[in-house]
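Try each task before reading its solution.

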Amino acid sequence: MLREAVAKYFSTDLPAFALAVLIPLIFLILMLKDKEAKVVLSYFCWGVVAVNLAFVFNTLVSLSGGEARLSNDIAPIIEETLKALPLLFFFGKKEISTRLLIYSAMAAGIGFSIGETLFYFSMPDVRLGAAVIILLIVRTLTTCLMHGMSTAIIGFGIHYTGHIKPLRLPMTLGLWAVAIVVHSIFNILIETRLAVLALLMPAVLYFCALALSAGDARMGKKE
Amino acid sequence: MKGFFAKYPAQIAACGAGLLYAIGYMIASSVIKTDAPALFHFYFLGASAVAMAVVTAVHTVRKSKRGAALYVALGLGCLALGRIFVIAAMLASYWTDPISVGFIAEACCYLFLMSALYLVSGTPRKVMGALNILALLAAAVCTASVIANSEVLLIVCVLAFNLICGGLALAAFIREKSTRFFAVVIGAMCVFSILGLLEAMYMVADAVTPLVEILLVLATLGLREEEKHA
């Protein structure tokens with residue numbers, strides 16, 4: 001079954017997209033001198049790799065008879081877990097830079113959403129036209145925020161419990177569950193007449209995060 | 001006693017409302033033979049969880065030092081999301097199996113309560129480390145239950161989370177006098193959650209859920225932010 005899933009993966013445009021994005025970015029990462037920029041871009045690259053892995057796992061589930069539950073129940077678990085995996089790197093660190101952690105988490109999510117959007121719009125049944133361009137813009141706006149914010153939620157947990165090590169695991173696992181449910185609610189609502197709610201949800205999360213980070217920056221300046 | 005009522009009128013009214021709702025729901029379910037009471041209760045639980053999460057989050061932002069109260073707010077938020085998921089699935093006519101992602105959120109909210117209890121109870125780090133490993137295993141079982149659509153695995157994970165949380169609540173009750181009410185409420189939440197797994201007790205456990213959640217919010221609002229591990 002794995003062989004079948006891998007064969008299906010190579011019959012799509014995903015490997016080509018991944019290579020086209022990853023190779024130039026790896027060159028850029030090697031050139032960069034700024035350590036933080038290197039880390040953020042590396043997480044972005046991981047996001048692009050994660051889409052490919054997620055495709056293989058999702059195909060495996062689909063081939064083993066889980067097609068009906070894939071999009072709303074199983075895919076969010078697979079995708080959120082894969083996107084958040086490299087955040088474990090921050091687990092062992094004593095000093096965690098808040099900005100770096102949350103930016104990296106978001107970069108992984110955005111990398112994932114770019115790969116996913118490229119894949120959806122390269123499917124043979126999608127014909128480019130004005131309607132598709134609008135759909136592409138709406139989808140890019142919302143899914144990139146949804147994927148970015150759901151991974152950033154987990155990053156927030158690791159950052160927040162930085163000074164209380166025993167709480168890192170339960171907090172991260174709890175927020176991982178939150179990320180899965182946010183993703184799943186988005187997937188369910190986007191296919192219904194309540195799609196507007198699904199479109200608004202990631203935007204609300206993003207603006208809340210922006211307001212929080214602006215508040216933190218102001219507090220930091222006062223101190 | 002009179003002084004007690006005068007001192008906490010809003011809290012007593014909220015608890016009374018929760019108790020009346022529980023009794024009303026049980027009577028309505030036994031009298032009305034359609035699924036209308038269950039459906040109303042279903043939406044009510046979702047709305048009440050959102051309201052409780054908002055009240056706790058506002059308190060956390062305004063007054064608390066973002067300690068244990070923050071974790072309770074996140075836990076209630078997680079629970080509310082789980083219930084919103086089930087409502088969204090129902091509205092979208094997506095209802096394939098009894099085990100869905102919503103249950104992950106409803107089970108994993110205990111992870112946040114564990115964190116809150118650790119902060120207030122002064123549990124030794126090593127013990128918490130061991131509990132963390134158990135929680136990780138329980139979360140893995142929970143995920144497996146959704147992927148494999150297995151009710152048995154879900155029961156195992158709910159039991160595991162409740163036992164871990166109940167143990168921490170007991171430790172908090174014994175060690176810290178000031179957090180006894182908080183510990184008792186979380187303990188009660190775990191007991192009702194375990195009882196809810198039994199078919200005979202499901203109705204009672206389900207009916208008292210809003211009351212227990214009201215008590216949890218009241219206990220959190222009254223919590224003194226003197227963490228043992230801050």
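**Exercise 1: The nonpolar cores**

Task: find out how many residues the largest nonpolar core has, and which of them have the most contacts inside it.

Solution: The largest nonpolar core of this predicted model has 107 residues, and those with the most contacts inside it are A:Leu87, B:Met114, B:Phe161, B:Phe182, B:Ile186 and B:Leu216. Helix H5 of chain B, residues 101–121, gives the most to this core, contributing 16 residues. Apart from this core lies another one, of 15 residues, among them A:Leu14, A:Val61, A:Ile78 and A:Phe119.

**Exercise 2: The salt bridges**

Task: list the salt bridges that a search of the whole structure finds, and decide for each partner whether it is buried or partly exposed.

Solution: The search finds three salt bridges over all chains, and they can be taken one at a time.

- Step one: A:Glu80 forms a salt bridge with A:Lys83, with the closest N and O atoms 3.1 Å apart. Both residues lie in helix H3 of chain A (residues 35–84), three residues apart, which is about one turn of the helix. A:Glu80 has a relative accessible area of 0%, so this residue is buried, and A:Lys83 is likewise buried, with a relative accessible area of 0%.
- Step two: A:Glu116 forms a salt bridge with A:Arg139, where the closest N and O atoms are 3.0 Å apart. Because A:Glu116 lies in helix H4 (residues 98–120) and A:Arg139 in helix H5 (residues 130–160) of chain A, the pair ties together parts that are 23 residues apart in sequence. A:Glu116, at 9% relative accessibility, counts as buried, whereas A:Arg139 is partly exposed, with a relative accessible area of 22%; the cut-off for buried is under 20%.
- Step three: in chain B, the side chains of B:Glu213 and B:Arg83 meet in a salt bridge at 2.9 Å, N to O. B:Glu213 belongs to helix H10 (residues 209–221) and B:Arg83 to helix H4 (residues 68–91) of chain B, so this pair ties together parts that are 130 residues apart in sequence. B:Glu213 is buried, with a relative accessible area of 2%, and B:Arg83 counts as buried at 10% relative accessibility.

**Exercise 3: Confidence in chain A**

Task: find where in chain A the confidence is lowest and where it is highest.

Solution: Chain A averages a pLDDT of 83, and 93% of the residues score at least 70. Within chain A, confidence is lowest in helix H7 (residues 195–222), at a mean of 73, and highest in helix H2, at 91. Where pLDDT is low, the predicted coordinates should not be read in detail.

Key
Residues are numbered from 1 along each chain as its sequence is written. Chains are lettered from A and ligands numbered from 1 in the order in which they are written. This is a predicted model: local features need pLDDT of at least 70, side-chain atom pairs count only at pLDDT 80 or more; totals for chains, interfaces and linings use all residues. Side-chain values use heavy atoms; hydrogens and water are left out. pLDDT is the predictor's confidence in each residue, from 0 to 100. Helices (H or I, at least four residues) and strands (E, at least two) are DSSP runs, numbered from the N terminus. A nonpolar core is a set of buried Ala, Val, Leu, Ile, Met, Phe, Trp, Tyr and Cys residues joined through side-chain atoms within 4.5 Å. Buried means under 20% relative accessible area, exposed over 50%, partly exposed in between (1.4 Å probe, protein chains only). A salt bridge is a side-chain nitrogen of Lys or Arg within 4 Å of a carboxyl oxygen of Asp or Glu.
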